[in-house]
Structure formats: structure tokens, C-alpha cells
Amino acid sequence: DMVAGKSDPHANRVACTKCHQSEIHSPSSAEYARICGACHNRRYEALFYDWMKSLQEREAQAYGMLKELRKRNASGVDAFERRIEEAKAVGLHNVLFARKLWDEILASAPDSSF
């Protein structure tokens, strides 16, 4: 379930199994990067890592803010955490939308003075 109807840009164009191969039970980042590169071009292998790092940095920052908000017993913490979970669900399926969600989350922390 993607947030606000923003689905994977591959939706209805590429089968899920093209990237999520059932014979690989716990795919590594390297395997996903290779799959991106095989379908697009070699440049996408590096882009995969750039995108992953970009989202992980935002996620870490948001969780740091969440931890601080909980320590302060701030109002709106539950809603903030739900937004984090929504952004995580989008993840690499739609990098641009995920970045937008993370940036909105980071800019709108309740009771924030970060």
C-alpha cells in the first residue's frame, strides 16, 4: 500500500519478480544493484547505492528526532512515527517520492527545535 497513491514507477510495466527474484531468499544490496544495472545500464548499479544511502541517512535522522521527541514526551509523536513507517514502505520502489516524504517528515517534526 503506497502512500497517497504514489506507486512504484515500474508498476504495471515490470513484474515484481523482475527485481524480487523468488529463488533469492535474502537478497543483498549487491544483488539488487546488479539487477538494476542489468535492466537499465551499469550506471544504475552505482545509483542504487546512492539512492539507498540517501534514504538511509534521512531515515536515521528521522529516528533520531523520534527518539528525542519521545524523551521530551512531545505531542504528535505517534503521528510522526506513522509517517516514518509510510516513508519506509515506499523506500527504493519510488526514490523521488520517498525522498520527498522523508524531507517533509524532517521539516515537520512536532514540537521540534532540531
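**Entry 1: the pocket lining**

I sorted the lining of the largest pocket by class and found 20 nonpolar, 8 polar and 5 charged residues. For my own reference, Ala, Val, Leu, Ile, Met, Phe, Trp, Tyr, Cys and Pro count as nonpolar, Asp, Glu, Lys and Arg as charged, and the others, Gly among them, as polar.

I noted that this is a predicted model, where local features need pLDDT of at least 70, side-chain atom pairs count only at pLDDT 80 or more, and totals for chains, interfaces and linings use all residues. Residues are numbered from 1 along each chain as its sequence is written, and side-chain values use heavy atoms, with hydrogens and water left out.

**Entry 2: the pocket itself**

I looked up the space in the largest pocket and got about 1,000 Å³. A pocket here is an open set of points on a 1 Å grid over the protein atoms alone, where a 1.4 Å probe fits, with protein on both sides within 12 Å along at least five of seven lines; lining residues have an atom within 4 Å of a point. The volume is the space filled by probe spheres set on the points, which are joined across faces, edges and corners.

Which residues lie nearest its centre? They are Phe 48, Leu 92, His 93, Asn 94 and Val 95, out of 33 lining residues. Helix α3 gives the largest share of the lining, 7 residues. (Helices are DSSP runs of H or I, at least four residues, numbered from the N terminus.)

**Entry 3: α3 and α5**

I then checked how α3 and α5 pack: the angle is about 25°, and their axes are 10 Å apart. Axes are lines fitted to C-alpha atoms over the stretch in contact (heavy atoms within 4.5 Å), and angles run from 0 to 180 degrees between N-to-C directions. The two helices are therefore roughly parallel to each other, a label for angles under 35 degrees.

Notes. Angles under 35 degrees count as roughly parallel, over 145 as roughly antiparallel, 65 to 115 as roughly perpendicular and the rest as oblique.
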